[in-house]
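Dear colleague,

I am handing over the structure that we spoke about, and below it you will find what came out of a first reading. Please look at the sequence and the model before you go on to the notes.

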Amino acid sequence: MNDPGRPPLDVPAGRLVAGTRITGPIGSGSWGSVYAAEELADGAPVAVKFLRSDLLTPGQRRTMAELVEREVRFSRQADHPGLVRTLRTATLDEPDDPRLDGAVVLVMERAERSLQDLIAATPPHSPAPEAERLLTEICAGLAHMHQHGWVHGDLKGANILLMPGGAVRLADFGLTSELEGTHAYVPPLGSLDHVPPEWWSQRAGSRGVPLRPCADVWAFGVLAHQVLSGGLHPFPGATARARSLAAQSYARGAAPLRLDDGVPERWRALVTACLAADPAERGRLDAAELLRRVSLLARSEAESGGRRPRPGRTVPLVVGGLALALAAAGAALAGTLLPGHGGSPSAPPPVTGSTSLGGPGGPGAPTGAIPEGSDVPVALREVITGTARRCPEPEVTPALLAAMLKAESGFDAAAARPRSDEYGIAMWTPAVFNAWAQDGDNDGDRDYMSAPDAIVSMGNYVCWLDQQFKHRGLSADLPALVVAGYRTSDKTVAEAGRVPDRVRPHVDHVMKYLAEYGG
Ligand SMILES: Nc1ncnc2c1ncn2[C@@H]1O[C@H](COP(=O)(O)OP(=O)(O)OP(=O)(O)O)[C@@H](O)[C@H]1O
């Protein structure tokens with residue numbers, strides 16, 4: 001909840017904090033102020049969140065300490081492209097500045113704006129631009145959290161960040177909690193507009209109020225309504241207090257739920273299910289199921305929305321694809337590694353009929369370059385090479401990405417395996433693609449049937465897989481592990497500690513092509 005009574009922290013531009021130079025304010029919440037900054041090391045844009053402890057009463061200090069502890073803990077563990085990445089944390093030692101002395105700071109990747117900003121700029125009664133994609137990505141982040149036994153606890157527009165390029169990241173883990181059985185416990189705080197009606201009748205014990213994943217499902221229902229109706233809350237009222245009273249009266253059965261007419265027909269059943277008054281009924285819609293349903297709605301919208309026709313896309317999302325989405329969601333941030341392909345390849349390239357298997361690139365070609373005489377379509381080489389070069393990991397070479405694409409689809413941008421829900425040149429499963437998607441051709445959308453989008457997104461994921469395996473101490477035969485991870489999931493490979501048998505034939509294919517491309 002915003003606390004208008006607390007003055008925002010005033011940190012001047014140019015101030016050096018935790019390895020960054022502050023450039024200007026972004027916004028303030030109840031407990032923190034967020035500033036735009038740049039890294040001293042390389043000028044990279046970051047956001048710095050100050051969690052201050054001055055101006056607090058002793059009771060508030062305890063709550064604050066708990067919120068800070070949660071935010072730091074969950075921010076450090078947040079390991080998915082749908083969750084904002086915290087680069088480091090620090091406690092300030094500023095004896096000459098009592099406002100900052102002892103404040104905890106989080107240095108985070110910087111978003112372009114929040115979902116709140118986007119919906120505030122959307123006309124009432126109409127969906128925000130790319131509403132379906134945004135809702136799918138929010139759900140992917142939420143499903144990852146729930147899968148790991150976390151409840152976000154404060155899902156709202158200001159806590160959903162939109163990165164340059166449009167990717168969604170959930171942020172603000174001050175009220176995030178770990179489930180103990182079916183409940184977690186948090187301090188009795190939250191955003192009036194997004195807490196579920198049962199929140200008001202729960203007593204706060206010594207450990208705070210109980211919180212269940214279905215509280216996030218309610219908050220998602222409110223958010224989905226706002227995203228689909230230009231920011232309108234599903235319950236009437238001029239103030240947050242009035243809207244929360246209206247929600248409670250609906251929950252008691254004293255008033256019906258009336259969604260705004262602007263919410264598209266096909267979304268209404270799902271939004272209504274998220275806003276089920278009975279928490280037990282809402283609880284049956286877990287976040288994985290929510291992601292499945294949202295992905296289906298988003299896909300049917302994309303297919304009917306006049307986008308490029310896609311072959312064989314009539315089969316609904318299969319569970320395997322979803323499982324991969326959620327497992328892939330074991331994921332750390334990828335966006336900062338590969339901020340998007342800057343090149344401008346145009347239409348999906350034709351498959352070449354060439355069978356020539358050229359040797360390694362010419363003299364002086366960088367390691368892992370695509371050999372000139374190879375069968376890698378010329379129109380794809382620039383995007384493949386650019387993608388690989390953006391990954392700092394030496395194993396991720398143009399030759400490796402090319403070998404993967406050859407084994408996945410034979411370089412066919414229109415490839416489709418509906419039975420396994422895999423499409424396009426990189427054989428993306430749509431729900432997984434949503435979590436990693438990049439706009440490789442800079443046409444404003446992210447489409448797995450666009451070769452550049454699919455390739456840049458694949459490089460993004462592959463780069464992260466490589467880093468993930470290194471992080472887990474796997475060092476032998478990384479290219480093969482990465483290829484296996486792309487076909488299964490990071491978790492499956494990490495748990496096996498080697499290439500799982502069921503994907504061995506595929507991995508061997510890729511390795512053969514890689515050898516033909518000169519390694
Ligand atoms: N990494 C980030 N990049 C860009 N903007 C951010 C980032 N993190 C937070 N913000 C923005 O900074 C503002 C303040 O965020 P903060 O988390 O302190 O408060 P809040 O979420 O608005 O409110 P409360 O803390 O009361 O829930 C919000 O508008 C938020 O969208």
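Which residue in strand 9 is the bridge partner of Ser114? Please keep in mind, while looking for it, that this is a predicted model. The partner of Ser114 is Leu161, and this pair belongs to the contact between strand 7 and strand 9 (residues 160-162), which run antiparallel and are joined by two bridges.

These strands are part of an open sheet of three strands, in which the order is 7-9-10 and the pairing is antiparallel. At its edges lie strand 7 (113-114) and strand 10 (168-170), each of which pairs on one side only. Helix 3, made of residues 131-147, packs on this sheet and touches both strand 9 and strand 10, and the direction of helix 3 makes about 35 degrees with that of strand 10.

There is also an open sheet of six strands, again with antiparallel pairing, and here the order is 1-2-3-4-6-5. Its edge strands, each pairing on one side only, are strand 1 (16-17) and strand 5 (86-91). As a general point, the strands of a sheet pair through backbone hydrogen bonds, in either a parallel or an antiparallel way.

The ligand deserves a separate look. Around the ligand there are 22 residues, of which Ser30, Lys49, Lys156, Ala158 and Asn159 come nearest. Sorted by class, the shell holds eight nonpolar, eight polar and six charged residues. Strand 2, strand 3, strand 4 (45-51) and strand 6 (104-109) each supply at least two residues of this shell, and the largest share, three residues, comes from strand 2.

Which atoms of the protein lie 2.9 Å from a nitrogen atom of the ligand? The answer is a backbone N or O atom of Glu109. On the oxygen side, a polar side-chain atom of Lys156 lies 2.9 Å from an oxygen atom of the ligand, while an N or O atom in the side chain of Asp154 is 3.4 Å from a ligand oxygen atom. On its own the ligand has 610 Å² of accessible area, and the protein covers 90% of that area.

With best wishes

Note on methods. Residues numbered from 1 in each chain as written. Predicted model: local features only at pLDDT ≥ 70, side-chain atom pairs only at ≥ 80, totals over all residues. Heavy atoms only, no water. Pairing = 2+ DSSP bridges. Helix = DSSP H or I, 4+ residues; strand = E, 2+ residues; numbered from the N terminus. Contact = heavy atoms within 4.5 Å. Axes fitted to C-alpha atoms, helices over the stretch in contact; angles between N-to-C directions. Near = heavy atom within 4 Å. Polar contact = N/O pair within 3.5 Å; in protein donor to acceptor, adjacent residues only side chain to side chain. Areas by Shrake-Rupley, 256 points an atom, 1.4 Å probe, with all protein chains shown as cover. Nonpolar A, V, L, I, M, F, W, Y, C, P; charged D, E, K, R; others polar.
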